[in-house]
Each structure stands twice: as structure tokens, then as C-alpha cells.
Amino acid sequence: MAASEEMSSLFPIFILSVMGLFVVPWTIYRITTALTRQNKNLHCRCSECMRSTKYQTSLLNRIARVSTCSNLTMVLLWIIMGLLVYYIKLMTRESQIFEPYSILGLESGASDGEIKKAYYNLSRMYHPDKNKDPEANKYFVDYISKAYQALTDPVSKENYDKYGHPDGRQGLQMGIALPSILLNIQGAAGGVIVLALVGFGILLPLLVAVVYLSRSSKYTGNYVMHQTLSTYYYFIKPSLAPSKVMDVLIKAAEYVEMPVRRSDDEPLQRLFVLVRSELNLDPKNIKQEQAKFWKRHPALIKTELLLLAQLTRESAKVPAVLRTDFQHVLRLTPRLLEELMKMAVAARNAEGHGWLRPALGVMELSQSIIQAVPLSARKVSERLVATGGSADGVAPFLQLPRFDDTVVKKLSRKKVRTLQDLRDLTTEERSDLLTNTAGFSAQDAADVESVLQMIPSIHLDVVCETEGEEGVQSGDIVTMRAWITLQRANGLVAAHPHAPHFPYPKDELYWLLLADTSLNSVWVFQRVNFMDEAGGIAAASKAIQESLEGTGASDAEVITAVRDAVARVKGGSRLVMAKFQAPAEGTYSLTAFCLSDTWIGIDRKVNVKLKVLKRSRIGTRVGVTPEEGALVEDGSDEEAEDTTANGEYDDDYESEYSEDEDAEEETEKTKSKEALDEEATTAEDLDNNNTV
């Protein structure tokens with residue numbers, strides 16, 4: 001029994017050890033993450049963003065940020081561990097090893113006279129006849145008397161001197177660190193306890209694992225359902241117009257599973273009236289168009305109306321019964337748009353090329369949703385283009401505070417027709433223009449200035465080459481090296497965009513595309529994030545080292561190149577390296593796009609000319625060996641134009657495929673003619689043989 005009690009006292013130590021295995025590393029990770037977090041204000045400082053709830057830093061918000069479920073769980077676990085430490089310490093005091101000499105206050109090896117004298121002195125202090133305290137009585141009986149008996153008995157004293165215990169040599173005790181209640185199982189209670197142990201120790205973890213796996217099997221690593229990816233891959237077409245991207249986006253399984261209640265009918269009707277101008281309904285057949293709209297799946301109708309409410313900045317008028325669904329839709333939209341972009345540029349042919357036009361449409365929709373700018377604001381008239389207007393229409397201006405169509409018209413009279421024209425002015429010139437021409441107050445002008453300082457400028461430096469070879473030959477593995485540099489007037493590199501109408505914090509993301517605009521094909525694509533400087537440094541260093549390994553560069557040259565790359569990354573640049581197989585012999589006019597998913601009117605593109613020669617080198621280049629690529633003819637930075645405005649992709653795309661069809665028909669005719677000639681020759685030979 002004593003042994004079981006001793007083993008039972010080890011159970012808290014076992015629990016404390018198991019908890020410490022994950023609580024301590026978890027705590028260290030959370031603390032280091034908090035310490036390495038940047039202290040800079042990465043969001044816009046205009047009055048609209050300062051009033052936004054997502055950036056408010058009131059006391060309640062700070063408490064709410066700290067009082068997260070994970071933080072509270074961590075604190076609770078530390079409290080439990082502290083209680084266990086206190087309990088273990090208390091149990092250790094109660095289960096001290098029996099030491100007679102220490103109890104009598106003597107040193108080991110004391111004489112019999114010293115033992116009797118010490119026992120006599122302690123008896124006068126703790127004997128029940130001298131001290132009426134119950135604790136003193138217990139201490140005298142349990143400790144003092146037993147210690148005196150152990151040391152006055154010759155055998156017990158000799159055992160203690162030799163083996164450290166009055167009873168002699170002690171054997172090794174083996175036990176299980178479990179509570180005593182589990183070690184003394186009797187009757188039906190034992191069966192109940194065993195079932196409980198099996199349930200909580202085996203069945204419960206197994207059930208949790210089954211539920212987790214069943215749910216995780218439905219989602220990708222980006223927490224998007226696999227069914228959604230399949231739907232996007234099926235409905236994306238090469239000629240998908242930007243205005244039709246919304247129809248594909250709302251078909252996500254996450255949106256389709258959103259409940260539609262009968263009580264939503266009237267609020268949806270009112271919301272339809274608010275956003276009807278953005279539905280592109282034919283005014284000549286308005287009734288038929290409306291009837292067709294309402295015949296669709298209720299979840300699709302609900303999702304589209306809520307997204308249009310965001311685009312038209314009517315979120316404040318969204319009925320209260322739809323407010324939760326509105327927030328749910330906007331919370332999912334950035335992730336779904338990112339996956340939709342991946343499906344647009346995914347390999348669709350034998351060369352592994354994706355489609356450019358749907359990718360541009362996805363980025364336009366993403367920018368419009370984040371900035372709450374209607375898609376109709378991106379329409380460009382021929383007159384506007386002829387007068388030097390923006391290819392994105394008035395949309396770039398509408399992302400600025402207090403700007404509307406009236407303000408844009410006033411500025412156009414002063415020959416400020418694009419966002420870049422406004423950014424090219426000095427601070428004093430902008431202030432005078434906004435206050436005198438647009439009628440802005442000093443605070444409004446300061447807000448516009450604050451946003452303009454947050455809007456980045458993008459610069460592209462793209463090179464395609466074959467590492468270790470001269471020239472590009474057909475079948476080589478070409479390495480594209482692109483440096484993307486981000487500059488802001490306020491000096492920040494990583495920042496959150498000015499998006500006061502989007503209710504959730506959103507990181508800036510950029511997409512680099514190397515595309516052939518004439519064929520509507522994307523050769524290379526890569527997502528770029530400027531928020532993670534450490535990741536950018538690691539990626540650039542690794543890429544530079546790998547690219548120089550096969551060139552015979554010395555260690556000093558490699559170190560210098562890596563140091564230069566790290567300096568460029570810290571200065572606001574990111575290195576993107578990708579490989580693709582060189583096509584057939586010819587000269588290809590490619591375009592490198594850098595597209596933002598949050599800002600309107602800052603996209604950049606660079607012309608890239610790739611000359612591929614006829615293959616003359618012996619052997620083939622396979623695996624990860626860099627393919628040969630000609631140097632890129634670096635073009636000047638241009639504003640990304642709305643290529644769908646003049647329909648160049650439609651024409652080129654159709655003409656390309658029509659040429660392919662004509663070529664296939666001619667090839668088939670040629671083959672048929674050759675087959676007929678061969679049959680005729682064979683028949684003639686047979687006749688000659690028969691004659692002979």
C-alpha cells in the first residue's frame with residue numbers, strides 16, 4: 001500500500017512533464033513572434049483609415065487582440081502547471097525519507113549517550129504530557145519515538161549505518177505513475193474506470209482525428225474547398241472578359257453552401273434596387289433580364305448582390321439580416337480570388353502555358369473589391385484615350401479620399417487626367433489644385449497626400465538567359481530572373497493598402513506574369529509578397545547561390561553577389577526566378593506584367609524580346625539545368641493598360657486559332673493526296689509484274 005501511494009505521488013510529475021513538452025516551446029514561439037513583430041504603423045494614416053474599425057487601437061480592442069483563445073489557453077495551462085508544481089512540492093515535504101539522526105538533531109555515527117540525551121531533550125518539548133498540541137503529539141509518536149527505537153536497537157542501527165535504512169538493504173521498486181484510485185480497482189468501479197480510460201485515451205483521440213481528416217480532406221492548404229477549385233478550373237475560359245469574372249467567382253462551393261432564408265427575400269429585393277446599375281441588364285428587355293437574374297440559384301444571387309454592394313460602396317445600406325452574410329462573403333473573397341488567379345494561369349496546353357486575359361480580369365476584380373470601386377468606373381471611352389486619359393478610366397482616382405466623378409472632371413480641365421499626372425505634381429502644386437480647383441479643405445488635401453504617399457511605384461528589371469551558355473536554342477531551359485522594386489514616398493516597403501471600405505486587414509500581394517499577349521498565353525507566373533523581408537532575403541540568397549554554382553564562380557564572388565542581393569531586398573526589391581523550356585526557333589515578343597491585387601492604376605509591364613535559335617549544341621539539357629535564354633531587351637516601365645478595352649486579345653486569339661485550323665486542314669489534304677499517289681504507284685507496279 002505504501003509503495004502504491006509512493007508511485008501515486010509521481011502522477012502529477014508525469015502530467016507536468018507531458019504538459020511542459022508543448023507548453024514551453026509554444027510559449028517561446030509566441031514570445032519571439034511578438035518581439036520580432038514590426039512596431040511601425042503599416043497602414044494608411046488618413047482620417048478615413050484612422051476611423052476604420054479594423055485599425056482602431058482603443059483599450060477594448062487591445063484587450064480583445066490579447067485575449068485571444070490561444071493566449072487564454074496558454075495562460076490557463078501555465079496556471080495548471082504552477083498548481084502542479086506547488087502540489088508536487090507539498091507532496092515531497094510529506095513523503096520525506098525517514099532519517100533518524102536528522103530527526104533527533106544528531107550527526108551520523110553519534111554515540112548511545114548522545115542519542116539518549118537528544119531523545120530526552122525532545123521528549124520534554126513534544127511529549128504528550130509536556131505539550132498538549134495535537135501536532136506535537138503526532139510528531140513525537142511518528143518521528144521522535146521511531147527514530148529513537150531505530151537507533152537504540154543494535155540491528156536497526158547497524159542496517160542504517162550500512163544501507164541507509166533501518167530495515168536493511170532495500171530492493172528496486174517498480175511502479176506506474178498513476179493515481180491510487182486507479183491502482184486499487186475493485187468490483188464494477190474497475191470496469192467503469194477501464195472503459196473511461198479506453199474512451200478518453202483511445203476513442204476520443206481517434207474520433208477527433210477522424211473528424212479532422214474528414215474536414216481537412218475537403219480543403220486545400222489555403223483553406224479553399226477542392227470542389228471550388230474544380231469549379232473554377234471548369235468555368236474559366238481563355239476569352240473570359242473581366243466583366244464575366246464575377247460570374248465565375250460566385251460559383252465557389254463556400255458561397256453555394258451559404259444558407260438562404262425566406263426572410264432574406266425582401267432585403268435582397270431592396271439590395272437589388274441599390275446595385276441594379278452594375279448588373280449590366282439590357283434596358284430594352286429589362287423585365288426579361290430581371291426574371292432571368294432571379295431564376296438562378298438563390299445562393300448565387302445573394303453572393304453577387306452582396307459583392308455589388310461592396311463595389312458600389314453601399315455596404316452601410318445592407319440590411320441587418322444580411323450583415324453577417326456580407327461579412328462572411330468579404331472574408332472569403334481574397335482567398336477565393338487568389339485561387340481563381342491560380343486557376344487562370346494554370347497549365348492548359350502541352351507547353352504548360354496558362355491564359356492571360358482571365359488573369360488580368362481576376363486582378364481587376366480583386367482591385368475593385370478591395371478599393372470598393374465599381375467595375376463600370378474602369379470603362380474607357382475613345383475620347384478619353386485620345387486625350388491621354390487613364391486606361392483604367394476614373395477608377396484610380398476613386399480610390400483616393402473624397403474623390404468622385406465631379407472632382408475627376410474638374411481636374412481633367414487642368415490637364416490632370418491620370419493618377420500618375422497627379423503624383424508627378426509637387427506637394428504644393430497638389431495642395432493648391434485640390435483646394436482651389438476641387439474645393440477640398442486642408443484636411444481633405446492632407447488625407448489625399450497621405451494616401452498618395454502610400455501608393456507604391458513598381459519598377460521591373462527582367463532578364464531571360466541560359467546560365468553558362470550563349471544564346472537561346474530550341475529545347476533549352478531558360479531562366480527568367482526578375483527584380484521587382486517597390487518604392488513609396490513615405491519610405492515604407494511592407495504596408496497595408498489604403499482600403500477604408502474593406503472591413504478586414506489585407507496584405508498587398510503582387511503577381512509577376514511573363515506572357516505572350518498575341519497568343520493570350522502565360523508562360524511563367526509567380527506570386528510576390530513584400531510583407532516578409534526575412535523570407536525574401538532567404539529566397540534571394542538561395543537563388544543567387546544556386547545560379548552561380550554551375551558557372552565556376554569563386555567563393556568571394558558568390559559572397560559578394562549574395563551580399564548585393566540582400567542589400568537590394570532590404571531596399572525594397574524582391575527576386576523572382578523561374579525556368580521554362582525554350583520554344584521552337586523564332587523571335588518572340590513577350591511582356592512581363594507586375595499586377596497588384598489591391599491598388600488600381602499602378603500595374604507595370606515591360607516588353608521582353610526572346611530570340612530562339614535553331615538547336616546546334618550536342619546533347620539535351622534536362623532536369624533542373626538552366627535553359628539557354630537570350631538577354632532581355634529591357635523595356636521602359638509602362639502603366640498596365642486595360643487590354644480588353646480595345647479587344648486586342650479577342651482578335652489575336654481568334655486569328656491565331658483560325659490560322660491553326662487552316663494549317664491543319666492543309667496538312668490533312670496533303671496527306672490524303674500523298675496516300676492516293678502511293679496507292680496509284682503500288683497498283684501500277686502490280687500490273688507491270690503481272691505482265692512480266
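Biologist: Which residues does UniProt list as "transmembrane region"?

Modeller: The unreviewed UniProt entry lists residues 12–31, 69–88 and 188–213 under that name. Keep in mind that what we have here is a predicted model.

Biologist: Happy to. What makes up residues 12–31, helix or strand?

Modeller: Residues 12–31 are 100% helix and 0% strand, with the end C-alpha atoms 27 Å apart. Residues 69–88 also come out as 100% helix and 0% strand, and there the end C-alpha atoms lie 28 Å apart.

Biologist: Let's turn to K157. Why does K157 count as buried?

Modeller: Buried means under 20% relative accessible area. K157 has 18% relative accessibility, so K157 counts as buried.

Biologist: Where does K157 lie, and which residues does K157 touch?

Modeller: K157 belongs to helix 9, residues 154–163. Leaving out residues up to four places away in sequence, K157 touches Y101, A110, D112, I115, A150 and L151. As for P100, 57 residues from K157 along the chain, the two C-alpha atoms are separated by 9.5 Å.

Biologist: And T591: why does T591 count as buried?

Modeller: The cut-off is again under 20%. T591 has 7% relative accessibility, so T591 counts as buried.

Biologist: Which strand holds T591, and what does T591 touch?

Modeller: T591 sits in strand 8, residues 586–596. Setting aside residues up to four places away in sequence, T591 touches L513, L514, A515 and T517, along with K605, V606 and N607.

Methods. Residues are numbered from 1 along each chain as its sequence is written. This is a predicted model: local features need pLDDT of at least 70, side-chain atom pairs count only at pLDDT 80 or more; totals for chains, interfaces and linings use all residues. Side-chain values use heavy atoms; hydrogens and water are left out. UniProt positions are given in the numbering used here, feature names are shortened, and annotations may be inferred rather than shown by experiment. Helices (H or I, at least four residues) and strands (E, at least two) are DSSP runs, numbered from the N terminus. Buried means under 20% relative accessible area, exposed over 50%, partly exposed in between (1.4 Å probe, protein chains only). Contact means heavy atoms within 4.5 Å.
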